[in-house]
Amino acid sequence: AWLKHQVSAFKDKDGFESSFVRHIETTLARSMFNCDETAAYAACSLAFRDRLILEWNRTQQRQTFADSKRVYYLSLEFLMGRALDNAMLNIGQKELAKASEAGLDNLGFRIEDVIQQEHDAALGNGGLGRLAACFLDSLASLNYPAWGYGLRYRYGIFKQEIIDGYQVEVPDYWLDFNPWEFPRHDVTVDIQFYGYVHKSTDENGKTVARWEGGETVKAVAYDVPIPGYATPSTNNLRLWSSKAASGEFDFQKFNSGDYESSVADQQRAETISAVLYPNDNLERGKELRLKQQYFWVAASLYDIVRRFKKTRRAWKEFPDQVAIQLNDTHPTLAIVELQRILVDLEGLEWDEAWNIVTNTFGYTNHTVLPEALEKWSVPLIQHLLPRHLQIVYDINLFFLQSVERAHPGDRDLLARVSIIEESQPKMVRMAYLAIVGSHKVNGVAELHSDLIKTTIFKDFVTIFGPDKFTNVTNGITPRRWLHQANPRLSDLIASKTGTHDFLKDLTLLNKIELSVDDPAFRKEWAAIKLANKAKLAEHIKNTTDVVVDPSALFDVQVKRIHEYKRQQMNIFGVIHRYLRIKAASPEERKKFLPRVSIFGGKAAPGYWMAKQIIHLINAVGSVVNNDKDVGNLLKVVFLEDYNVSKAELIIPASDISEHISTAGTEASGTSNMKFVLNGGLIIGTCDGANIEITREIGENNIFLFGNLSEEVEDLRHGHNYGLHTLDPELVQVFEAIEKGTFGDSKDFAGMITAVRDHGDYYLVSDDFHSYLETHDVIDEAYRNQEDWITKCITSVSRMGFFTSDRCINEYAEGIWNIEPLPVESAE
Ligand code: 26V
C-alpha cells in the first residue's frame, strides 16, 4: 500500500525500461547496441537513484518541517557493501526491474550479473562498521529522523589477494564510478589544526580563549541516500572529504613560483580522508589518525550546530533537538569540540555548556581488549589541538573535584579514574573522557555490558551509579541478511507466514515453528541450503580451483583474523582431523563424515601473527586437498578478500559456523546472528551474543564448548606460574607441523610458541579438547539430517530478537529519547 503513495515507485515496467534506456543513451552517451554489464549496472543504478532522490528530498523536508529531535550516528566506519540490490528491494521494485516483459531480462541481462558489477563500499574493518550500516538501514526503515556522519575515504579497507599462501594487500580504489554519492560542493566547513591559544579578559572580567593560527583544511560534504524498507523514508549519510582550504592549489604561491609547496599543501590536505586505517582492535596513536578524527568530528558538529541554530531555539534546548551517538571512542573529541563551541564561540558559562554536552552524547563501547582502548599522548594533542587539550584538562579538573567531594580522601580512586594517565608521556584516556561526557554508556551484548561494569569501567559505576551503564545487544538487518542474501529462504518463510511482514517485524518468524514437521516445507528448506552450497562450491572452484562436494558438511569461519577469535584453534583442529584420517585404515576412513573447512578474513597489514595464521591455513589446504588418502573426507579452503558481498554468498551456504573467541573477549559478534538466521547452526564459546542466541534458540540447537569467562583470569594466572601442561592432542598437532608436514615449520613457529612457551594467552590449549569433542558431536548430529533440519528451522523461528530494528528501538527509547516521524503526517 505504501508503494502507491510514494513518488519513488516506477509507475509500471515500461517506466523502468524507458528510464534505463534514457540513462544508457543520454547520461552515459552509449547505445543499446553496445551496452555491456557495466553499463547496464550504471543505467540500472541511475534509474533507481532517480526514484530514491525524490523520496530523499521529501524525507529531509518532512524532518525539517516537523522540527522534532534527530539522532546523529557518528562512526568512522560504515561498511555498506553494495547499494543497488538493497535499493531495489527496499523500494520494493526488484521484480519489476527484472521483469521479462520490459525489464533487464527483456533487455538481455541477468539481474544477478548486473548486481555483481557493483564495487562494495568497504569503508570499515569488520563488525563495528557493519553494525553502523545495519543501524542506518533500521533507522530509515523505522522512520526515525537520523543522519549518519563519517569520512569519505578514497581507499576503503584494502583488497586481499592470496599469493603462494600469503596475504598481499592491494589498494581499494572504489570511487571510479559511484552513482550513490552526491557531492555537495556548497556544503563545506573550514577545519583548523595546530596554532596557539590566545587568552584575554573581556569587558566583564571574564577570561576568553581564542584559538588562532595553524593550518586550515576544507571539509566537503558527500551525501549518500539511505532508503528504508517498505517506507518512503530515505535518510542521509553524510561523508566528509578533505580538500586544501585554498581550493585546488594556492594560486598565489603558484604565481610567485612556489609551485611545489602549493601542490604539497593540497596533497597534505587530501591525505586526511585518503585511507581507512586497516587495524581493528589495535590502537597505534598515529597523528594522521587523530587528524582524521578531529576533521570529521569538527565538520559534523559544525553542521549539526548550524542546523540547530536555524531553529532559533535557546541553547538549553539543544539536547531536546539533538542526540549524538559515539560509535566507540573514535569520535570522543566531539565532546570537547561541542564544549569549545558553546564556551569559546557562543559565550555560554562552563557549567551550562557542560550540562548541554553531557545530555547530548551517548557512548557505545565495542571492546574490552586493552590494546584497542584509545589513548592519545598529551604532547600530540597539545600540538595538534592546543585549545582542546586545555578543555580536556578543565573537564578532568571539574570531574576529579566532584569525585573528591563524593569520595573524600580516596587518592587511589582519583588516580585510577583521571582522564589523564600520569605516564611518560602523559596520555588522554579517551574511553574515560567519553564516559564523563555522556549521559549513557552501553555495551553491545549482555555479557559484555556486565564485563565493562565489573572490569574496565568499574570505578565509574561507583562514581556515576549503575543507571548510567546499560546494554543494547547488537542486531542485524533482516533485509540484507535474509531477504537479499537468501531470497529463496525468505520466500519460503513468506509462503508459511503469509507475507514478507517478518522483514519488518522479525518476531513473526516464530510462525514457522508450526510448520517444522511439514514434509514439503522441510524438503524445500533442505533444497535451498543445498542450492546455496552448490553456488558457493562454484565460487570456490572458480577462485581456488578446489572442488568441493556440496553434500559435505560446510564448516565456516569468516571474520577478521585475530588471535582472540582463534582461527589458529580452528586450523589446529583441522590438522588433528587430518591426522586421524591419515592414521585410519581404509575401512575406518569410510566412517568419517565428509567436511569442507572454509576460512576467510583479512589480517591487519602489520599483524604478523594473523598473517602467519593465514599462511598456515593455506599450507594445510595445499597438503590436505591433494592427499589421495583423504579425498573428499576433508577439504580446506581460504577464500580471499572476505567482504560484505562475499558474506552474502557465504553465510547462506553454511552448515556450521565458528564463533570460538576466548570467553570474555568478543564483545558481541554479529555474524553469529547472520548464520543462524540463514539456517546454519553454530559452534561457539560462551561469549558475546552467543549466550543470548543460546537463550533464544535453546541449548539443544547450538554447540557450546570451552571455559567460561569467569575462569579465564585464573587459567591465565596458572599459565604464568608454569602450571601449563599442553593438551596431548594439541601436542600431536604441533609435532606434525614441526615435522614439516605443511612445509617449512619455521614459518609457523610463532603460532606454536605463543601457546607452548608464551603463556597461551587465548587459552587455545585449555579449550582444545572440548573443541574437538564438540566437533565430533557435530558430525554425529549432521548424520541425522532429519534432526538437523529440525534444529535449523527451530533456530530460525526464534531469531526475532536479533533484528537491528529491536536495537534501534532500544536506543531510541533508552538513550536518544526520539520518536519515529510518521510518514503520513506530511502527506
Ligand atoms: C579500533 C581501532 C583502533 C585504532 C585503529 C582503527 C580501529 C578500528 C576499529 C576499532 C574498534 C575495534 C572494536 C570493534 O570492532 N569491536 C567489535 O564491535 C562489533 C560491533 O559491536 C562486535 O560485534 C564485535 O564483537 C567487536 O569486536
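**Helices that cross**

Tutor: Helices α12 and α15 are roughly perpendicular to each other, since their axes cross at roughly 95° and come within 10 Å. In this pair, helix α12 spans residues 333-345 and helix α15 spans residues 386-406. The model is a predicted one, with a mean pLDDT of 95 for the protein and 98% of its residues at 70 or more, and it scores ipTM 0.96 and pTM 0.97.

Where the two helices meet, α12 contributes Leu333, Val336, Gln339 and Arg340, while α15 contributes Arg387, His388, Ile391 and Val392. Sorted by class, the contact of α12 with α15 holds 4 nonpolar, 2 polar and 2 charged residues.

A pair of packed helices is described by the angle between their axes together with the distance between those axes. For helix α23 (residues 567-583) and helix α30 (residues 728-738), that angle is about 85° and the axes are 9 Å apart, which makes α23 roughly perpendicular to α30. On the α23 side the meeting residues are Phe572, Ile575, His576 and Leu579, and on the α30 side they are Glu729, Leu730, Gln732, Val733 and Ala736. The residues of this contact of α23 with α30 divide into 6 nonpolar, 2 polar and 1 charged.

An unreviewed UniProt entry carries the annotation "modified residue: N6-(pyridoxal phosphate)lysine" for Lys674. In the model Lys674 is buried, because 29 other C-beta atoms lie within 10 Å. If its neighbours within four places in sequence are left aside, Lys674 is in contact with Ile476, Trp481 and Ile651.

Not counting residues up to four places away in sequence, Ala552 touches Pro594, Arg595, Val596 and Asn632. Ala552 and Tyr761 are 209 residues apart along the chain, and their C-alpha atoms are separated by 34 Å.

Definitions and conventions
Residues numbered from 1 in each chain as written. Predicted model: local features only at pLDDT ≥ 70, side-chain atom pairs only at ≥ 80, totals over all residues. UniProt positions renumbered as here; feature names shortened; annotations may be inferred. Buried ≥ 20, exposed ≤ 12 C-beta atoms within 10 Å, placed from the backbone. Contact = placed C-beta atoms within 7 Å. Axes fitted to C-alpha atoms, helices over the stretch in contact; angles between N-to-C directions. Helix = DSSP H or I, 4+ residues; strand = E, 2+ residues; numbered from the N terminus. Parallel < 35°, antiparallel > 145°, perpendicular 65-115°, else oblique. Nonpolar A, V, L, I, M, F, W, Y, C, P; charged D, E, K, R; others polar. pLDDT = per-residue confidence, 0-100.
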